[in-house]
Amino acid sequence: MSSTELPYVPASNVLPKVAPVRVADGERLRSVELPGITLKIRSRPPAREGLPPALYVHGLGGSSQNWSLLMQLLDADVDCEAIDLPGFGDSPPPDDGDYSINGHARAVVRYLDAAGRGPVHLFGNSLGGAVTTRVAAVRPDLVRTLTLVSPALPELLIQRSAAPTALLGVPGVVPLFSRLTTGWTAEQRVRGVVTLCYGDPGQVTPDGFSNAVQEMERRLQLPYFWDAMARSARGIVNAYTLGGQHGLWRQAERVLAPTLLVYGGRDQLVRHRMAHKAARSFRDARLLTIPDAGHVAMMEYPKAVATAFRDLLSETEPGGAASGTATERADTTSTGD
């Protein structure tokens, strides 16, 4: 380990008393104990019995709260659950300190196996998109459909605005960054995240911004916050360098599940042009492009994402409409919300 790298601290030693995580009206947050990990699961009661299950996986620095708007829109279509990945949201760090893409994918698989909910309609954003791509490739029995919002799949040349996020994975950078930003308020940090992740920061309501600031204040009190960020960022970088059958693009080609790809035209972290590579790589793909969206379209334009998913659902669930060719499906554009 580099002398400048943060040491890993076992979860049992890092359970401070902090403010409770926000739970929106109609939501429930519960704890699931599994070997080596404890996961918090956010859910909404389905509008009726018998709906197919869905699981949502957030991105780097995010949490299950990132899916609240979309879950509310889809609670009449699927039985919604969202996971806090180990070390994020309200989930403590994993016992083994593994924040790699494989480590996060194992956490998702362990939960689905233990819950017996599979196969599910699986959603992933950013880091969660890479994680769910791997899950769908190695455990097709667990996935009915795959919906990826700005998935963190390898790019040869990342955008300049994405470089600071990638640098978090470099040993020594996080301690330096934390020292340099000691005086930053939670509000300043949230404003920076919103500017980076939203195509139009004005889409964030005052209440939404206030809730994000409260959540940031809570996370900054967690002694493992920066460690989880750094190790997960390093996991993304390492996954980008893998070749052969373990490479994420090769695994995308192995995904059997019908796939909805959602890309934002103003995404500063994932190049919009990667959408067409993704549409060619996933064998049964549909592409939704939202020109004004940034990196978190499910938060900026949840109605557009919900509509596209319902179209996918109508094609894939029993009695749904017959689907066309992958080429025809992979060319959908929306500007609505």
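I started with H7 and found Phe209, Val213, Glu215, Met216, Arg218 and Arg219 buried; buried is under 20% relative accessible area, exposed is over 50%, and partly exposed lies in between (1.4 Å probe, protein chains only). I was working on a predicted model, in which local features need pLDDT of at least 70, side-chain atom pairs count only at pLDDT 80 or more, and totals for chains, interfaces and linings use all residues. Residues are numbered from 1 along each chain as its sequence is written, and side-chain values use heavy atoms, with hydrogens and water left out.

**Helix H7**

I checked the length of H7, residues 206-220. Helices (H or I, at least four residues) and strands (E, at least two) are DSSP runs, numbered from the N terminus. The expected span is 1.5 Å times one less than the number of residues. For the 15 residues of H7 that gives 21 Å, and the end C-alpha atoms are 21 Å apart, which agrees. I then looked up what covers the buried residues of H7, and the cover includes helix H6 (186-197) and helix H8 (225-241). Contact here means heavy atoms within 4.5 Å.

**Salt bridges**

I counted salt bridges (a side-chain nitrogen of Lys or Arg within 4 Å of a carboxyl oxygen of Asp or Glu), and the structure holds 19. Aspartate 90 pairs with arginine 218, with the closest N and O atoms 3.7 Å apart. Aspartate 90 is in the loop between strand E4 (79-84) and helix H2 (101-115) and arginine 218 is in helix H7, so this pair ties together parts 128 residues apart in sequence. Aspartate 90 is partly exposed at 23% relative accessibility, while arginine 218 is buried at 2%. I noted a network of salt bridges that links Lys40, Asp90, Glu215, Arg218 and Arg219.

In helix H8 I looked at arginine 231 and aspartate 227, which are four residues apart and so separated by about one helical turn. Their side chains form a salt bridge at 2.7 Å, N to O. Arginine 231 is buried at 15% relative accessibility, and aspartate 227 is buried at 8%.

I also found a salt bridge between arginine 286 and aspartate 284, at 3.1 Å between the closest N and O atoms. Both of these residues are buried.

**Confidence**

I looked up pLDDT, the predictor's confidence in each residue, from 0 to 100. The protein averages 85, and 82% of the residues score at least 70. Residues 166-170 are below 50, and this stretch has eleven contacts in the model beyond near neighbours in sequence. Residues 320-337 stay under 50, with 41 contacts beyond four places in sequence. Where pLDDT is low, the predicted coordinates should not be read in detail.
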